[in-house]
Amino acid sequence: MSSSIRVVGAFLSKFSNGVCLKCPNSFSLQRTGLLDRSLTSSSSWVSYELKPKHSVRRIWTFSPVCMGRRSSKIAGRKGAQDAKKAKRYGKIGKEIVSAVKKGGPSPVSNTVLAAVLEKAKELDVPKEILERNIKRASEKGQEAYIEKLYEVYGYGGVGMVVEVLTDKINRSVAAVREVVKDCGGKMADPGSILFKFKRARVINVKVADAEKDQILSVALDAGAEDVIEPTIYEDEPEEDNSESYYKIVTSAENYSVILSKLREEGIAFEPDNELLPIRTIEVDDEAMDLNKELMSKLLELDDVDAVYTDQQ
């Protein structure tokens with residue numbers, strides 16, 4: 001075991017220090033012969049004209065501004081992003097345990113583990129977290145983790161998908177059911193909510209780390225499918241808005257190309273694999289507060305790695 005750990009340590013030493021809910025405002029980046037790829041304009045906003053299969057669509061690339069509704073947000077974007085990062089690190093740890101259980105602790109011979117460690121590199125996961133979970137996988141009684149998706153009805157017709165990676169399915173489903181019941185939600189039958197979402201490769205770029213035109217330029221050149229802008233709250237301090245993220249949505253084929261482009265531009269990013277709502281639902285303030293409370297309580301569960309919603 002010690003020799004395997006040394007191999008992992010050598011493998012990890014090569015790592016260099018790398019590099020809301022969903023906003024409905026997005027703009028398609030389909031390539032056509034009519035697309036003006038210049039991002040320079042003397043006006044305060046830039047427009048592009050695209051020619052999709054059936055109609056011409058005009059995209060306005062200004063940031064959406066929301067008035068008020070401060071009480072409907074989880075306290076502070078920074079706290080929410082820190083919690084999301086902690087969940088991401090936890091999920092990586094679980095994936096490492098499962099990979100080691102199936103193929104051993106050496107990334108040289110275990111290609112699944114090597115892939116997880118490469119993803120951890122992109123997410124800038126601390127080395128000690130990786131080594132701790134590789135060691136934990138060999139502990140007696142530690143089982144491999146299994147992915148489960150639980151579907152939930154929230155308030156105002158909103159649907160939620162709870163993503164779980166657990167080594168005890170009975171424990172995870174009981175915990176999720178209890179939180180949903182206590183918060184007034186309802187468990188849904190499998191498939192009742194999931195069809196409203198699509199799985200996508202997403203690259204998150206913090207607003208403070210890049211200019212919008214720079215992100216658009218990279219996304220256009222690399223063939224991204226979409227860029228989702230964050231909501232800008234007019235009554236929120238500028239430093240809080242700077243903690244929000246652009247989401248570059250891409251196919252698996254163009255994923256590595258976009259990552260390379262972002263590195264070339266010196267733009268920090270956080271890659272992820274997310275469920276995005278096909279359409280979003282707008283609800284009143286009361287329903288929004290109740291849904292966010294439900295999501296917050298679900299995310300407090302150790303087995304829960306992410307909660308996705310179609311709430312606007």
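Which side chains meet in a salt bridge at 2.9 Å, N to O? They belong to Glu 163 and Lys 91. Here, a salt bridge is a side-chain nitrogen of Lys or Arg within 4 Å of a carboxyl oxygen of Asp or Glu.

## What you are looking at

This is a predicted model, where local features need pLDDT of at least 70, side-chain atom pairs count only at pLDDT 80 or more, and totals for chains, interfaces and linings use all residues. Residues are numbered from 1 along each chain as its sequence is written, and side-chain values use heavy atoms, with hydrogens and water left out.

The term pLDDT stands for the predictor's confidence in each residue, from 0 to 100. The protein chain averages 77, and 70% of the residues score at least 70. Over residues 15-76 the pLDDT is below 50, though beyond near neighbours in sequence this stretch has 138 contacts in the model (a contact means heavy atoms within 4.5 Å). Where pLDDT is low, the predicted coordinates should not be read in detail.

## Salt bridges on helix 2

Side chains of opposite charge can pair when their charged atoms come close. By the cut-off given above, the count comes to eleven salt bridges. Let's start with the pair from the opening question. Glu 163 sits in strand 6 (residues 159-166) and Lys 91 in helix 2, and they are 72 residues apart, so this pair links distant parts of the chain. Helices (H or I, at least four residues) and strands (E, at least two) are DSSP runs, numbered from the N terminus. Both Glu 163 and Lys 91 are buried. Buried means under 20% relative accessible area, exposed means over 50%, and partly exposed lies in between (1.4 Å probe, protein chains only).

Two further pairs involve helix 2. Arg 88 and Asp 272 form a salt bridge at 3.7 Å, N to O. Arg 88 is in helix 2 (residues 77-103) and Asp 272 in strand 12 (residues 270-277), with 184 residues separating them. Arg 88 has 9% relative accessibility, so Arg 88 counts as buried. A network of salt bridges links Arg 88, Asp 272 and Glu 270.

The other pair is Asp 305 with Lys 94, at 3.3 Å, N to O. Here strand 13 (residues 304-309) supplies Asp 305 and helix 2 supplies Lys 94, 211 residues apart. Asp 305 is buried at 9% relative accessibility, and Lys 94 is buried at 7%.

Strands of a sheet pair through backbone hydrogen bonds, either parallel or antiparallel. In this model, an open sheet of four strands has the order 7-5-6-13, with antiparallel pairing. Strand 7 (186-187) and strand 13 stand at the edges with a single partner strand each, so one side of each has no neighbour in the sheet. Two strands count as a pair if DSSP finds at least two bridges between them.

Strand 6 joins strand 5 (residues 146-153) through eight bridges and strand 13 through five. On the strand 13 side, the bridge partner of Val 161 is Tyr 308. The hairpin of strands 5 and 6 has five residues between the strands, and Gly 156 takes a positive phi near 70 degrees there.

How many of the eight residues of strand 6 are buried? The count is eight of the eight, so strand 6 is largely enclosed by the rest of the structure. In a regular strand the side chains alternate between the two faces of the sheet. Gly 159, Val 161, Glu 163 and Leu 165 point one way from strand 6, while Met 160, Val 162, Val 164 and Thr 166 point the other way.

Helix 3 (residues 111-122) has twelve residues and reaches 17 Å from its first C-alpha to its last. That is close to the expected 16 Å, a span worked out as 1.5 Å times one less than the number of residues. Its buried residues are Leu 113, Ala 114, Val 116, Leu 117, Ala 120 and Glu 122.

Just after helix 3, Asp 124 takes a positive phi of about 60 degrees, and Asp 124 is a residue other than glycine. Asp 124 lies in the loop between helix 3 and helix 4 (127-136), and counts as partly exposed at 40% relative accessibility.

In helix 6 (residues 212-222), the buried residues include Ile 215, Leu 216, Ala 219 and Leu 220. Just after helix 6, Gly 223 has a positive phi of about 80 degrees.
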